[in-house]
Amino acid sequence: MNQKMEKDKYLNISRPNKTCLSCGKSLVEIEKHPTILTNEEVARMDFCEECWEKYKDKDYFSFWITKRIVPDSKQSLTKKERNDLLLRLFESLYQDKAMESSYILFYLAHLLMRYKIFNWKGTRSEPKGGEEAPEPKEFLVFENKYTGEEILIPDQELNGEKVSESKSQIDEYLKTHLPEETNQKEKD
Ligand SMILES: [Zn+2]
């Protein structure tokens, strides 16, 4: 999946639908199922495996397999708890500077901006100057509103699959780092 998405569109991809768009079967209990984004706008469509057979030749913009979080392990967090956890996740990934988590950092930074924890500062090319210098890379610059720290994230394009992967990793993190007093009993 290499199709590129217009910037910021990915933040508008909705959460997974509860039911298959074709037959109405519940998808909530299904561990994985196909999802597409249609061409016209960023409209999300989720299908069960059986219905996907009928739809897979349709024209679509992006396709991925949605991995669902088991619903009864979801917990409602306060905004502050959620924001603190998102920031903690961001900081741990940011310190690692791991290339494989670069798109999650990119997604998280936009999410933290939406939640008013990061400020948008603009873009920057680095390194600057010098004929010997490698091709300058574009970075997005954010500022942590609370610490004033400047944050640089390599600019990139996300596709539906990466957005979905970012969301499920974030959900997984939130699920496994619930504040102790509200933590549910482990199921397994
Ligand atoms: Zn179906």
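Biologist: Which residue, with a positive phi near 50°, follows α2?
Modeller: This is a predicted model, where local features need pLDDT of at least 70, side-chain atom pairs count only at pLDDT 80 or more, and totals for chains, interfaces and linings use all residues. Residues are numbered from 1 along each chain as its sequence is written. Helices (H or I, at least four residues) and strands (E, at least two) are DSSP runs numbered from the N terminus. With a phi that is positive, near 50°, the residue that comes after α2 is lysine 97.

Biologist: How many Å does α2 reach from its first C-alpha to its last?
Modeller: α2 has 18 residues. The expected span is 1.5 Å times one less than the number of residues. That gives an expected 26 Å, and the model's α2 comes close to it, at 26 Å.

Biologist: At roughly what angle do the axes of α2 and α3 cross?
Modeller: Axes are lines fitted to C-alpha atoms, for helices over the stretch in contact, with angles from 0 to 180 degrees between N-to-C directions. Those of α2 and α3 come within 10 Å, crossing at roughly 145°.

Biologist: How many nonpolar residues does the contact of α2 with α3 have?
Modeller: Contact needs C-beta atoms, placed from the backbone, within 7 Å. On the α2 side that brings in Leu86, Leu87, Leu89, Phe90, Leu93 and Tyr94, and on the α3 side Ile104, Leu105, Leu108, Leu111 and Leu112. Nonpolar covers Ala, Val, Leu, Ile, Met, Phe, Trp, Tyr, Cys and Pro; charged is Asp, Glu, Lys and Arg; the others, Gly among them, are polar. There are no polar and no charged residues here, and the nonpolar count is 11.

Biologist: Are α3 and α4 roughly parallel or roughly perpendicular to each other?
Modeller: α3 (residues 102-114) packs on α4 with the axes 9 Å apart, at about 75°. Under 35 degrees is roughly parallel, over 145 roughly antiparallel, 65 to 115 roughly perpendicular and the rest oblique. So α3 and α4 are roughly perpendicular.

Biologist: Which residues of α4 make the contact with α2?
Modeller: The axes of α2 (residues 79-96) and α4 (residues 160-176) come within 10 Å and cross at roughly 115°. α2 brings Arg82, Leu85 and Leu89, and from α4 come Ile170, Tyr173 and Leu174.

Biologist: Which element has the highest mean pLDDT?
Modeller: pLDDT is the predictor's confidence in each residue, from 0 to 100, and the chain's mean is 81. Among the elements, strand β3 (residues 62-67) has the lowest mean, 86, and the highest, 93, belongs to α3.

Conventions. Contact = placed C-beta atoms within 7 Å.
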